[in-house]
Amino acid sequence: VSTQSTGAASREYILFVILRILLGASIAGYEILYFCWAMELVGRKWRPLAVGIQALFWSAGLAVVYFINMTFEYWRYKMVYVGIVSLTFIFVYAAVPESPYWLLAKGQEDQATTVLKRI
C-alpha cells in the first residue's frame, strides 16, 4: 500500500520504477501465501472449486481496477485510490490466524489445535 501511494507521489522516475518493482514482488508473495493457506483449509474434494472461487475474486478485482482507470484520468490519482482500497488487506491479514500445518511443523501443537477449533 505504501509503495503504491509513494510511487504516485514520487518525482523521480527511478524511484517510481523501484517502488513499482517492490509492489509487484509483495503482491506476488502475498498471493502465494494466501493460496497455500486457503488450500490447507479446504479438503481435496473442494480444492478445484476453491481455486475457481479465488480466480473469480481475482477477476473481479481486475474489473474494479478497470473501472477505477475509467473514472480517474490523472494516473497519480489512480495509484493513490488503488492504494487506499488496498488498505483493507491489512485488516483482513490481521484477522487471519497462523497456518495450522506451519504451527505443527514448528512443534506448536496446542496453538495449532486452538486455530483449528477457531476455524
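A nonpolar surface patch of about 470 Å² is formed by Val80, Ile84, Leu87, Ile90 and Phe91 in this predicted model. Patches consist of residues with over 30% relative accessible area and no salt bridge; nonpolar side chains (Val, Leu, Ile, Met, Phe, Trp, Tyr) are joined within 5 Å, and like charges within 9 Å. A salt bridge is a side-chain nitrogen of Lys or Arg within 4 Å of a carboxyl oxygen of Asp or Glu. Accessible areas come from the Shrake-Rupley method with a 1.4 Å probe, and for residues only the protein chains shown count as cover.

Helix 4 (75-85) and helix 5 (88-95) each supply at least two residues of this patch. Helices are DSSP runs of H or I with at least four residues, numbered from the N terminus. Val80 lies in helix 4. Val80 counts as partly exposed because its relative accessibility is 31%. Buried means under 20% relative accessible area, exposed over 50%, and partly exposed in between (1.4 Å probe, protein chains only). Leu87 sits in the loop between helix 4 and helix 5. Leu87 is partly exposed, at 36%. Leu87 and Trp75 are 12 residues apart in sequence, and their C-alpha atoms are 19 Å apart in space.

The largest pocket has a volume of about 1,800 Å³. On a 1 Å grid over the protein atoms alone, a pocket is an open set of points with protein on both sides within 12 Å along at least five of seven lines; lining residues have an atom within 4 Å of a point. Grid points are joined across faces, edges and corners, and the volume is the space filled by probe spheres set on the points. The lining has 44 residues, and Ile27, Tyr30, Glu31, Trp58 and Phe89 lie nearest the pocket centre. Helix 1 (2-9), helix 2 (13-41), helix 3 (47-71), helix 4 and helix 5 each supply at least two lining residues. Helix 2 gives the most, with 13 residues. By class, the lining has 27 nonpolar, 12 polar and 5 charged residues.

Helix 2 also holds Met39. Met39 counts as buried because its relative accessibility is 9%. The C-alpha atoms of Met39 and Gly52 are separated by 12 Å. Lys117 lies in helix 7 (residues 109-118). Lys117 is exposed, at 71%.

Residues are numbered from 1 along each chain as its sequence is written. Local features need pLDDT of at least 70 and side-chain atom pairs count only at pLDDT 80 or more, while totals for chains, interfaces and linings use all residues; side-chain values use heavy atoms, with hydrogens and water left out.

Methods: On a 1 Å grid over the protein atoms alone, a cavity is a set of points where a 1.4 Å probe fits but cannot get out, and a pocket is an open set with protein on both sides within 12 Å along at least five of seven lines; lining residues have an atom within 4 Å of a point. Ala, Val, Leu, Ile, Met, Phe, Trp, Tyr, Cys and Pro count as nonpolar, Asp, Glu, Lys and Arg as charged, and the others, Gly among them, as polar.
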